[in-house]
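Please look through the sequence and the structure shown here before reading on. The briefing that follows goes through some of the helices and their contacts, and then turns to the chain as a whole.

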Amino acid sequence: MEGHIIDSRKKILLGYFEANLEKLFDKRVSERVRALTFNIQAFTTNQQHPKFMEDNLITLLDRCLISVTKGSGDEVSLAANTIGLMAVTAADRAHELYVESLPVLFKVLNHGSSCSKIIECMILLAFFGAKNCEETENSMQQIWEFIHKISVSTGNENKHSLSILPAAISAWTFLLASMDGRRLSYKYWRGAISYFFRLLEEMDEEALGLAVCEALTLILETDSLEKFSDRCSNINKDEIIEKLKNFILKFREQDHDQNQDYNEELDFIYDVINLFEDDDCPQASINIRGHLLTLSTYSQIIQFNYLKRFLGSGFEVHMMGNKLLQNVFDFTPKIHVHHEKLWEEPTVTYFVPEARTKKTRQRLFMSPNSAYNKARTQLLNKNRDLTKRGSISE
């Protein structure tokens with residue numbers, strides 16, 4: 001399997017996982033990178049081996065954390081990505097990963113070009129592993145501290161920091177989307193709205209503008225504006241809506257037509273704001289392999305988009321088979337068992353010219369021994385037998 005793309009239709013043998021775990025102890029960077037790449041492919045396609053995860057979860061986590069803290073370049077990004085995928089797939093052990101990883105990851109948060117991946121890893125651990133609102137909000141605070149730290153950077157450091165800022169704000173927004181506005185602390189987020197307003201006025205960068213608009217729109221939905229306002233003055237709903245609309249309209253007037261994705265996402269935010277003005281909620285329906293997923297809040301749409309971007313081609317696979325992800329969206333795909341010609345009305349076709357008599361029709365269709373009634377009896381017996389065996393899916 002080495003050097004090949006994993007086939008999501010085939011089960012991966014336990015031995016492959018064990019062999020790649022051994023490679024993470026190798027002194028050669030190339031071998032460790034190869035092993036991490038294997039794990040990412042396996043976890044993305046939701047093919048992690050249950051016994052391997054049960055026996056080696058913490059060992060794998062330790063090796064990934066060592067790669068994050070002592071590695072460089074691709075190894076750091078791949079290790080962080082692997083830990084994030086472990087959080088998505090670890091089910092009842094996600095909190096264990098959260099407790100072991102967060103302190104280590106926060107210390108290396110300024111790790112150059114891999115910073116965005118480390119942030120992504122941290123918030124996925126918090127999203128799936130935090131046991132309560134306090135733990136989630138603690139992770140939000142760590143990201144918030146980092147956001148303010150890079151906002152005041154200068155020179156070349158500032159140029160690099162600004163490239164990370166959109167990812168950091170999106171990560172913070174993703175965690176906010178998992179919180180009940182009523183449970184948010186009154187002391188942590190004071191001034192957040194004013195800070196986002198300043199970013200909209202001072203920064204002319206597409207990704208940053210979109211990230212800030214998403215954050216402000218989600219703050220609107222929390223219905224807890226007083227927790228995000230300045231201490232001396234509360235910003236009301238109309239002020240936020242006006243600021244967002246003005247920014248989006250100004251953005252569209254400028255020469256940004258080359259990036260259609262940003263335009264479409266900002267247009268969607270504009271539509272969401274209009275719904276909020278009418279005290280309505282956005283809704284979206286997504287077809288996932290023939291099963292309908294309904295999103296009825298902006299928070300759910302934020303979560304859906306973030307997880308879909310992270311899992312990429314593996315998103316649908318996880319939605320169909322990963323209970324942890326299904327619980328996030330209250331999504332239960334129905335398993336249909338198909339049986340040939342179940343519950344159909346039996347029919348028998350005859351050529352019956354007008355000359356046929358009434359007695360003939362009675363003999364063909366109404367007699368207990370008619371072909372029609374024999375076919376009907378056979379189907380009823382078949383359906384009754386299948387029902388007893390519980391083979392028919394509702």
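Helix 9, which spans residues 192-202, is mostly covered, since eight of its eleven residues are buried, where buried stands for under 20% relative accessible area, exposed for over 50% and partly exposed for what lies in between, with a 1.4 Å probe and protein chains only. Helices here are DSSP runs of H or I with at least four residues, strands are runs of E with at least two, and both are numbered from the N terminus. The model is a predicted one, in which local features need pLDDT of at least 70 and side-chain atom pairs count only at pLDDT 80 or more, while totals for chains, interfaces and linings use all residues. Residues are numbered from 1 along each chain as its sequence is written, and side-chain values use heavy atoms, with hydrogens and water left out.

**Helix 9 and helix 11**

- The buried residues of helix 9 are Ala192, Ile193, Ser194, Tyr195, Phe196, Phe197, Leu199 and Leu200.
- The axes of helix 9 and helix 11 (residues 237-253) come within 11 Å and cross at roughly 20°, the axes being lines fitted to C-alpha atoms, for helices over the stretch in contact, and the angles running from 0 to 180 degrees between N-to-C directions.
- That crossing angle makes helix 9 roughly parallel to helix 11, given that angles under 35 degrees count as roughly parallel, over 145 as roughly antiparallel, 65 to 115 as roughly perpendicular and the rest as oblique.
- Ile193, Phe197, Leu200 and Glu201 of helix 9 make the contact with Glu239, Ile240, Lys243 and Phe247 of helix 11, contact meaning heavy atoms within 4.5 Å.
- By class, the residues of this contact between helix 9 and helix 11 are five nonpolar, no polar and three charged, with Ala, Val, Leu, Ile, Met, Phe, Trp, Tyr, Cys and Pro taken as nonpolar, Asp, Glu, Lys and Arg as charged, and the others, Gly among them, as polar.

**Phenylalanine 197**

- Phenylalanine 197, a residue of helix 9, counts as buried because its relative accessibility is 12%.
- Apart from neighbours within four places in sequence, phenylalanine 197 is in contact with Leu216, Ile235, Glu239, Ile240 and Lys243.
- From C-alpha to C-alpha, phenylalanine 197 and phenylalanine 247 are 9.9 Å apart in space, and they are 50 residues apart in sequence.

- The contact of helix 5 with helix 6 holds twelve nonpolar, three polar and no charged residues.
- The axes of helix 6 and helix 7 (residues 133-151) come within 8 Å and cross at roughly 165°, and these two helices are therefore roughly antiparallel to each other.
- On the helix 6 side, the contact with helix 7 includes Cys115, Ile119 and Met122, while Glu135, Thr136 and Phe146 are among the residues of helix 7 that take part.
- Seven nonpolar, four polar and one charged residue make up the contact of helix 6 with helix 7.

**The chain as a whole**

- The secondary structure of the protein chain comes to 17 helices and two strands.
- Of the 394 residues in the protein chain, 48% are buried.
- Among contacts in the protein chain with a separation of 6 or more, 69% are between residues 24 or more positions apart.
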